[in-house]
Amino acid sequence: MEYHVNLMWDTEASVWLATSEDIPGLALEGGSFDALLERVRYAAPELLELNGCEKAATLVFSTSDRRERAVS
């Protein structure tokens with residue numbers, strides 16, 4: 001089974017955010033991209049189990065987005 005996670009940079013809070021339409025309840029934040037990925041690696045399987053998804057090989061795909069205003 002494949003699950004998709006969106007990773008976005010929140011400029012105002014200066015943190016990375018993780019959300020997913022495929023994994024109910026997934027809403028995490030981290031001070032760095034790598035720290036957030038590590039949190040997702042642990043939280044995603046636990047949330048899937050809590051939501052009653054069958055235990056099978058699980059692939060989690062991450063898509064990241066960071067936008068910043070260019071100063072001229």
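Me: Is glutamate 54 buried or exposed?
Reply: Glutamate 54 counts as exposed, because its relative accessibility is 69%, and anything over 50% falls in that class. Please keep in mind that this is a predicted model, and that glutamate 54 lies in the loop between α1 and β4, the strand of residues 59–65.

Me: What separates the C-alpha atoms of glutamate 54 and methionine 1?
Reply: Their C-alpha atoms are separated by 9.5 Å, although the two residues are 53 residues apart along the chain.

Me: OK, stepping back, which elements does the protein chain have, and how do they run?
Reply: The protein chain has 1 helix and 4 strands, and from the N terminus on these elements run β-β-β-α-β. Of its 72 residues, 26% count as buried, and among contacts between residues at least 6 apart in sequence, 40% join residues at least 24 apart.

Me: How many bridges join β2 to β3?
Reply: Strand β2, residues 15–19, is joined to β3 by 4 bridges, and the two strands run antiparallel. Within that pairing, leucine 17 stands opposite glutamate 29 in β3.

Me: And which residues of β3 are on its covered face?
Reply: In β3, which covers residues 27–30, the covered face holds Leu28 and Gly30, while Ala27 and Glu29 make up the uncovered one. As background, side chains in a regular strand alternate between the two faces of the sheet.

Me: Now the helix: how many residues does α1 have, and where is its kink?
Reply: Helix α1 spans residues 33–50, which makes 18 residues, and it reaches 25 Å from its first C-alpha to its last, close to the 26 Å expected at 1.5 Å a residue. A kink of about 30° lies at alanine 43, shortly before proline 45, and just after the helix glycine 52 takes a positive phi of about 80°.

Me: Which residues of α1 are buried?
Reply: The buried residues of α1 are Leu36, Leu37, Val40, Ala43, Ala44, Leu47 and Leu48. In general, an α-helix has 3.6 residues a turn, so residues three or four places apart point the same way.

Me: What about the largest nonpolar core, which members touch the most others?
Reply: That core has 16 residues, and Leu7 and Ile23 touch the most other members. Strand β1 (2–10), strand β2 and helix α1 each supply at least two residues of this core, with α1 giving the most, 7 residues.

Me: What is leucine 7 in contact with, leaving aside its neighbours within four places?
Reply: Its contacts include Trp16, Leu17 and Ala18, then Phe33, Leu36, Leu37 and Val40, and also Ser62, Thr63, Ser64 and Asp65.

Me: How many salt bridges does the structure hold?
Reply: The structure holds 1 salt bridge, in which the side chains of arginine 41 and glutamate 38 meet at 2.9 Å, N to O. Both residues lie in helix α1, 3 residues apart, about one turn of the helix.

Me: Why does arginine 41 count as exposed but glutamate 38 as partly exposed?
Reply: Arginine 41 has a relative accessible area of 52%, and because exposed means over 50%, arginine 41 is exposed, whereas glutamate 38, at 34%, counts as partly exposed.

Me: Last one, where is serine 14, and what is its phi?
Reply: Serine 14 has its place in the loop between β1 and β2, and its phi is near 55°, a positive value in a residue other than glycine. Serine 14 is partly exposed, with a relative accessible area of 44%.

Conventions
Residues numbered from 1 in each chain as written. Predicted model: local features only at pLDDT ≥ 70, side-chain atom pairs only at ≥ 80, totals over all residues. Heavy atoms only, no water. Buried < 20%, exposed > 50% of the residue type's maximum accessible area, 1.4 Å probe, protein only. Pairing = 2+ DSSP bridges. Expected span 1.5 Å × (residues − 1). Bend = angle between axes of the 7 residues up to and from the residue. Core = buried A, V, L, I, M, F, W, Y, C linked by side-chain atoms within 4.5 Å. Contact = heavy atoms within 4.5 Å. Salt bridge = Lys/Arg side-chain N within 4 Å of Asp/Glu carboxyl O.
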